[in-house]
Amino acid sequence: MGNHQTIPDEIADRFATCELESIERKFQKLADEGSFRKKSFDKKTFQKYYFTSYPSISELLFNTFDAHGNGKVEFEEFIRGLVLVRGSFDEKIFFMFKMFRLKKGKSVSKEEFRRVTSSGIFAGKKEKKDEKKQRVNELAEEVFTAYDVDHDKCLNRKEFTEWAKQSLESTVLLDLFKKLDNLLTASGSISGPTNVMHETHVAKTDDGGFSIDNIPPSWLELFVQAGITKEELQDPSTAIMLMGIVADKITNKKGKQQQQHQQHQQQHQQQQQPATAQHNAPPTSHPQNTPAPVQQAAQTAIPAAPAPPPLQALNSPAPGTNNTPKPVMSTATSSLLADIRKGTDLKRVEADTELGELSRDDKNDLTNVLMRAIHDHRVNLKIEENSDEEDDWDD
């Protein structure tokens with residue numbers, strides 16, 4: 001076939017040889033069926049085989065791969081899209097941004113946002129048409145109120161990224177990206193239509209890549225209290241979702257504590273600096289029995305420069321700006337969050353990420369959040385296994 005020979009080395013280098021061969025086989029299967037010249041595939045063919053329960057999501061994926069906007073996807077377009085789908089967290093968010101730009105403009109309009117999020121994949125339950133409309137409108141208003149900073153009724157890339165970093169909808173799409181990547185890079189050919197929920201890829205490795213033993217004991221106890229089963233925790237996508245919730249809670253708690261500590265330090269330093277400057281001022285002196293001229297006295301009375309401010313003060317904001325220090329995450333917690341958002345295999349975490357610093361009320365709140373999350377996850381599984389999607393493009 002030789003399609004991989006037509007793409008730049010910097011693109012091909014993002015894949016193992018066996019992965020490129022698998023992608024090439026599956027592309028050719030689509031192309032053989034989707035075009036006369038067998039050099040590209042169309043939307044109908046892609047929707048026939050990928051994420052059949054959610055045709056609007058399948059259509060969004062196809063349109064994003066179709067960089068030229070001509071209704072067909074050639075191999076280089078396909079492979080360049082997959083680089084983003086399986087790339088870094090920022091690359092995945094950029095691919096997501098392109099999915100939302102239905103008209104391929106520079107930003108996402110509120111109408112485009114509504115149409116994309118109307119998909120049943122984001123609902124968490126079976127929706128009637130009026131329920132879907134209410135959910136989508138409320139979500140759009142909430143998001144644009146919070147993230148449309150320049151008030152132009154659109155989300156530019158920066159605004160969209162800020163929303164996507166902390167939204168449940170982006171978590172759903174990131175999981176979908178992983179499934180698509182696994183489907184296309186796994187050995188074998190297309191055997192039939194693929195449903196987004198029927199494909200579960202357990203990322204276990206011989207050297208202990210992911211298992212229930214990698215979850216900290218205090219976290220595991222919390223998951224048990226929330227009614228989460230061992231089988232659910234052994235599924236990487238489910239475990240990553242749940243661990244992300246706990247990691248965010250710990251991060252927020254540590255950030256608030258660090259912020260309070262920094263504010264206390266700043267107040268203490270501001271109180272100490274005037275006294276230090278006065279203490280360091282040298283005494284004035286004049287020649288014995290000689291009256292000092294006024295100008296000379298003024299010069300000799302100049303105190304020595306005060307001691308340089310501590311490093312903390314050097315990092316303080318300029319006057320007139322928001323002087324609230326930003327929360328600082330611990331190394332272990334920030335590293336864990338990075339691993340979760342990148343979708344990598346989780347390893348054992350350090351003791352610094354344990355739950356000991358959380359109060360009883362914080363743990364109870366966290367347990368309730370986990371209970372709701374796993375309930376919604378189970379509902380999603382049941383919906384996708386037992387029902388087809390409604391027309392997602394209706395408002």
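**Salt bridges and burial in a predicted chain**

Residues are numbered from 1 along each chain as its sequence is written, and side-chain values use heavy atoms, with hydrogens and water left out.

What does Glu 91 meet in a salt bridge? Its partner is Arg 14, with 2.8 Å from N to O, a salt bridge being a side-chain nitrogen of Lys or Arg within 4 Å of a carboxyl oxygen of Asp or Glu. Because Arg 14 sits in the loop between α1 (9-12) and α2 (17-34), whereas Glu 91 belongs to helix α6 (residues 89-100), this pair ties together parts that are 77 residues apart in sequence. Arg 14 is likewise partly exposed, at 36% relative accessibility.

By the same rule, the count comes to 12 salt bridges. Another of them joins Glu 141 to Lys 110, whose closest N and O atoms are 3.1 Å apart. Glu 141 lies in helix α8 (residues 129-147) and Lys 110 in helix α7 (residues 110-117), so parts 31 residues apart in sequence are tied together here. Glu 141 itself is partly exposed, with a relative accessible area of 38%. Salt bridges with shared partners then join Lys 110, Glu 111, Arg 114 and Glu 141 into one network.

Are Arg 135 and Glu 127 buried or exposed? Both are buried, and their side chains meet in a salt bridge at 2.6 Å, N to O.

Turning to the cysteines, a search of the whole structure finds zero disulfides, a disulfide being a pair of cysteine sulfur atoms within 2.5 Å. Cys 18 is exposed at 51% relative accessible area, whereas Cys 154 counts as buried at 18%.

Finally, the whole chain: it holds 17 helices and four strands, these being DSSP runs numbered from the N terminus, helices of H or I with at least four residues and strands of E with at least two. Of its 395 residues, 40% count as buried.

Key:
Predicted model: local features only at pLDDT ≥ 70, side-chain atom pairs only at ≥ 80, totals over all residues. Buried < 20%, exposed > 50% of the residue type's maximum accessible area, 1.4 Å probe, protein only.
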